Amino acid sequence: MIAALGRILILASLFASAAGALLGFAAGRSRSLDGLNWARRFAYLYAGLIIGAAFLMEYALLTHDFSVGYVAQVGSRSVPTWVTIVSLWSSLEGSILFWGFVLGAYVGLATYFTRGKYVEYQPDAIGVWLSCAAFFSFLIAGPANPFLTVSPAPLDGPGPNALLQNHVLMAIHPPFLYLGYVGMTIPFGFACAALLKGRLGHGVLKPLREALMLPWIFLTIAIMLGGWWAYEVLGWGGYWAWDPVENASLLPWLTATAALHSIMVVERRGILKGWTVTLVQATFLLVILGTFMTRSGVFNSVHSFTQSAIGPTILAFLAVALLFCIGLLAFRIDKLESEGRMEGAASREAMFLVNNLLFVLLTFTVLIGTVFPLIVEALNGKQMSVGRPYFDSMVIPIGAVLLFVLGVGPALPWGRATSEQVKKALLPPLATAIVFAAVGWFANIRSFWTLLTIAFGGYAAHVTLGQMFLPMLQRMKRGEAATTAFVEGQLSRGRRRFGGYIVHAAVMGAFIAIAVSSSMRQQTELHFTKGQTQKVSGFDLTFLGADQRSEPHRTSIVGRFAVARDGKPVTTLEPRMNQYEGMREPIGTPDVHTTAGGDFYLALSNIDLTNQTTSITVYAAPLVVWIWISVVVMGLGALFGLVPSRRRAAAASQVREPLPEGATETA
Amino acid sequence: MTQETPTETPAETITETDRLRRKTRRFMFGAFGVALLAFGVIAASGINNNLVYYWTPADLRANGDKAYGANIRLGGMVAKGSIKQLGGSAVEFDVKDATHVVRVKTTSVPPQMFRENIGVVIEGTMTRAGYFESNRLMVSHNNEYKAPEKGHPMDRKELERMMKAVEQGNS
């Protein structure tokens, strides 16, 4: 019953999206307002149908209707309710349906919020969005159908993959990742529409930027959550291994970040238009490539939970999208005329360009390292991977230069600057850089790259903080009280600027935390018998014993450890081995004592219940928690910058750059 | 990307700036090309030096001298009756596939599930002394992987999947 209804909803969504896409493109050509209105109605219809299908699946999961194929595959009566709810994205078919759900929400909201505006671009944008939607509805209807009927229906199912049940972070990481990934469809639509129209006017920059910023925030948080999950669950004491699946989430993030910066240059100077739309398109293509890599089973990594035959279908879609983008760029990029030019090497726009080139370099580095083994395997069947040292040795230097540019860029003025101005802007922060490096040296850091990162971080901190509070300081100079100056200058006006510098400050924090925590990490392997105490990384560690604990869906062997420092008890840590039903091997879960100064991390290698002995690996690393905090602040800063401020509403009506002749802007 | 047509400058200045601009542009493209080439060379050599091979004991033997010093992820089954504790956390055992056997010495603490007749992946390199030296021993986390029947050699596909599936990092 539910299965049949689900299939009907999916087929209807396929029809609605395909028809809406055709209407959108037709309305784009004929400039028919009626056509646009119909395309919008179909967009809403698609959104309603696909969202309805996802809710139907949730209903089937919650009511344990095992006659629905996907429920029979991942459902179980013995798992907690929250696991049942998140089962929707725990396996391939459900996760593609979840993708459709998110896309439906994005398309619906984007169509709603752009109603009556950007009439020039909207029909084509809707056409592009709904074309992508049609592809995913096709995937759900055909190769990855979750609504197949199972007959006779089993009485119970196996439950979702145990690694997903092992930590609550796994319930929130995928939604963020999907909100980030799928959301890149919306700016892609605007970029393609601009190319189809052969014009990237000032008015469409605002929706393009905002449509890019929102998924960027989700993707940023998602990458952090994925790393944090690996850190809390996998037990090797790290959070990033340059695993293909991790790289898949990072690649579109890199190009999206580059695009967010180049859009600012387009806004200010009217240059880099073609470059910007290329970056937005590349972001979407990398999203599809990432989906292919993680969802097709070509890579097996610790994060890839599903394999199936949808790989070729996604690859075909990637090929079509790539050809479409290349074709559009080849025929239309010349039409996106520049309205200004680069004034000099020591200007802010030049630094934006350097920033962009560095991001693209990073993208290529990671892309080559990720895809190379795939190509080798496809060509001669040999199995290999690119080791971590490649990524580290390439990414660390580029990242350090990027951090330096993050400091230099905002210090320089737009346009032309005299050498006097440049000196005045660039020399004072050097003092802060030296102070930071000295602090690092006295904290016993001897790694060259870490010290350099700290010094560049200090340089960037000086510039960023100075720029961040510039509006407030200017107001105070004019005699305003500090609080009014702060509220007026930072919070109610110029939010975008303030938000941007918050993101920069957080990036700085993240860079320093990553560099320090990875270069100062200590790793010790220890063997314990019950009651034994050993000294490790400044702590006294006592093995109190091993217990067995039973829960409905798993049995755990827990090693209890008392942690003390200088004779004073600090905490008790309980790393464990979890044996899930239906799994051959136990999964270890480490336990971490987190403080602002650093983490103390215990992972069981093996534990013997009868003899009460255990082997563990102890990791001690400083500042780890600041990585998570910094990334959350990055997201919050960007979100703050997205909230419209009073001044921006006023500024939108003022056109800073002249429009091309004969152009009518509908923003 | 930076093309524009200045409209209100005298004719001779246009040609002057045009020539200058073309020169700058040629220079920019040249510099960009050189930088791209340098990047390509660095990246290629970086990849080449850091390849990790996924081999079974048979692959390892087939590659002969290439195995010495290379980064290898060796996948196979722990041979029955071959496990020997070396004191501390060190262990010595044989890894086998259908046709070949390799002696392994590892300093890594064996994971909980480590025992005879289980599929393992060992990261390390072949030494000229004739054994495989490793500081990393892993048992697959992949729950789709089924234990082979007792005494049966593992099938190649399963092995490859397992070698890729074990957790990475920590190198």
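A residue counts as buried here if 20 or more other C-beta atoms lie within 10 Å of its own. On that basis, buried residues make up 33% of the 171 residues in chain B, and in chain A the figure is 53% of 667 residues. Keep in mind that this is a predicted model. Here's the rundown, by topic.

**Chain A overall**
- Chain A carries 23 helices and eleven strands. Its radius of gyration is 27 Å, close to the 26 Å from the globule rule for 667 residues, so chain A is as compact as a globular protein of that length.
- Take the contacts in chain A between residues at least 6 apart in sequence: 73% of them join residues at least 24 apart.

**Domains of chain A**
- Chain A is split into domain 1 (1-165), domain 2 (398-520) and domain 3 (522-624).
- The C-alpha centres of domain 2 and domain 3 of chain A sit 40 Å apart. Where these two touch, domain 2 of chain A puts in four residues and domain 3 of chain A also puts in four residues.

**Nonpolar cores**
- The largest nonpolar core runs to 209 residues, and Tyr46(A), Val107(A), Trp129(A) and Leu130(A) have the most contacts inside it. Helix α10 (residues 205-233) of chain A supplies the largest share of this core, with 17 residues.
- There's also a second, separate core of 22 residues, which includes Ala67(B), Leu74(B), Met77(B) and Val95(B).
- What does Tyr46(A) touch, leaving aside neighbours within four places in sequence? Its partners are Ser13(A), Ala16(A), Ser17(A), Gly20(A), Gly104(A), Val107(A), Leu130(A) and Ala133(A).

**Helix α9 of chain A**
- This helix covers residues 185-197, so to speak 13 residues, and reaches 18 Å from its first C-alpha to its last, close to the 18 Å expected at 1.5 Å a residue.
- α9(A) is mostly covered, with twelve of its 13 residues buried. Among them are Ile186(A), Phe188(A), Phe190(A), Cys192(A), Leu195(A) and Leu196(A), along with Pro187(A) and Gly189(A).

**Around Pro80(A)**
- Pro80(A) is in the loop between α3 (69-74) and α4 (81-86) of chain A.
- Is Pro80(A) buried or exposed? It has 11 C-beta neighbours inside 10 Å, so Pro80(A) counts as exposed.
- Pro80(A) and Gln165(A) are 85 residues apart along the chain, yet their C-alpha atoms are separated by 9.4 Å.

**Chain B**
- Chain B has three helices and seven strands, in the order α-β-α-β-β-β-β-β-β-α along the sequence.
- For contacts in chain B with a separation of 6 or more, 52% come from residues 24 or more positions apart.

**Confidence**
- The average pLDDT of chain A is 89, and 94% of the residues score at least 70.
- Residues 300-306 of chain A stay under 50, and the model gives this stretch 26 contacts beyond four places in sequence.
- Residues 647-667 of chain A also have a pLDDT below 50, with 29 contacts in the model beyond near neighbours in sequence.

Definitions and conventions. Residues numbered from 1 in each chain as written. Chains lettered and ligands numbered in written order. Predicted model: local features only at pLDDT ≥ 70, side-chain atom pairs only at ≥ 80, totals over all residues. Core = buried A, V, L, I, M, F, W, Y, C linked by C-beta atoms within 7 Å. Helix = DSSP H or I, 4+ residues; strand = E, 2+ residues; numbered from the N terminus. Contact = placed C-beta atoms within 7 Å. Rg over C-alpha atoms; globule rule 2.2 N^0.38 Å. Expected span 1.5 Å × (residues − 1). pLDDT = per-residue confidence, 0-100. Domains from an automatic or database assignment.
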